[in-house]
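Here is a brisk report on one chain.

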Amino acid sequence: MEKNDFLLYNEIIYRIHACRTLEEFRPTLLAQVKLIIPYTYASLIAIQTDPETGELIHRDPYCKPQNFREVENAWLGRIDKAYTAWLSHAPESMVVRDSEILSGDKRFSAASYRELYTAYHVHDCMQMNITYAGQAMGRLALYRTRGDGLFTDQEAFYLRALANHIDLACWTCKQNEDNQPKQTRSLEEIIRTYDLTRREGEVLGLVFQDWNNEEILAKLTISKNTLLKHLQNLYRKCGVSSRWDLLKLRD
C-alpha cells in the first residue's frame, strides 16, 4: 500500500469508528469507501435474523445515488434466486467480485442482470457481507459501469483490509441503538422513507392497526385484486416479503 493510500486508509478507519448510530454509519461508510475504491453505484443492505425461524431478513437498502434504491429493492424480492445469496450466510466477512465468480457471458446473461441492472449499465459488482461474532448485519455492494472498468485485485485487497473495521464499527453502532429506548416510527415517517403513494400509506396504516384484508376492502371500497396490488407494491418498496415484516417497519 502506497503512503498516500495508507494515510487515506487510516482516515477511513477513523471516520467509520467515529460513528455512533447506524443512521450515521451508512452514509459515512459509502462516502469513505469511495475515496479509496471509486464506484458508480453503491448500496448497504441491512440484515436481521428472524428470532422465530432463524432466517435472515434483508431490508432497508441505503443507496448512492438514492434512485438506485429501486433496483436494490427489486433485487431483495428475488434474493433467493441470486447467485451470491450465499454470501449473507458466510460466518466471516468475505469480498467477492462478479468478474471473479462469473465469466462475462454468464454474468450478462444472468436473469438478475438482464431484468434489474441492464438499465443502469452495470458491468461489475464487488460485494462484502458485514458480520461480527457470527452475526450477519449487512451487505455492502459497489457497482461499476463498463466505462469505469472492473474492480481490481488491489481494490479488493483494500476492501478486505477494511472488513474487520467495518464489521466492528457496524456492530458498535447497532449495539448503541439496541441499548437506546425503543421509539416507534410514525406512519408518516415510513411513508416518506419508502416513497409510498397516498393509497399505499392508507393500506399500511390499516395493516398497522391489525385490520385483515376483508376489513380493509370494506373500509377503502376497493377490489381484492387492487388490494393485493397495493400489498405487493408495499412489499417491493419496503424490501419485505410478508405482512409480519411490514409490522416490524415501525421498530
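Helices here are DSSP runs of H or I with at least four residues, strands are runs of E with at least two, and both are numbered from the N terminus. On that basis, Asp210 falls in the loop between helix H9 (198–208) and helix H10 (213–220). The model is predicted.

**Backbone**

Asp210 is not a glycine, yet its phi is positive, near 65 degrees. Ala133 also has a positive phi without being glycine, near 50 degrees. Exposed means over 50% relative accessible area. Ala133 counts as exposed because its relative accessibility is 76%. Asp210 counts as exposed because its value is 60%.

| Residue | Phi | Relative accessibility |
|---|---|---|
| Ala133 | near 50 degrees | 76% |
| Asp210 | near 65 degrees | 60% |

Pro65 sits in the loop between strand S2 (56–64) and helix H3 (69–76).

**Core**

Nonpolar side chains tend to be buried together in soluble globular proteins. The largest nonpolar core in this model has 32 residues. Those touching the most other members are Phe25, Leu29, Ile37, Met126, Leu142, Leu159 and Ile166. At least two core residues come from each of helix H1 (3–17), helix H2 (22–36), strand S1 (41–49), S4, S5 and helix H7 (153–178). Which element gives the most to this core? H7 does, with nine residues.

Take Ile37. Beyond its neighbours within four places in sequence, Ile37 contacts Met126, Leu142, Arg144, Phe151, Glu155, Tyr158 and Leu159.

Key
Residues numbered from 1 in each chain as written. Predicted model: local features only at pLDDT ≥ 70, side-chain atom pairs only at ≥ 80, totals over all residues. Heavy atoms only, no water. Buried < 20%, exposed > 50% of the residue type's maximum accessible area, 1.4 Å probe, protein only. Core = buried A, V, L, I, M, F, W, Y, C linked by side-chain atoms within 4.5 Å. Contact = heavy atoms within 4.5 Å.
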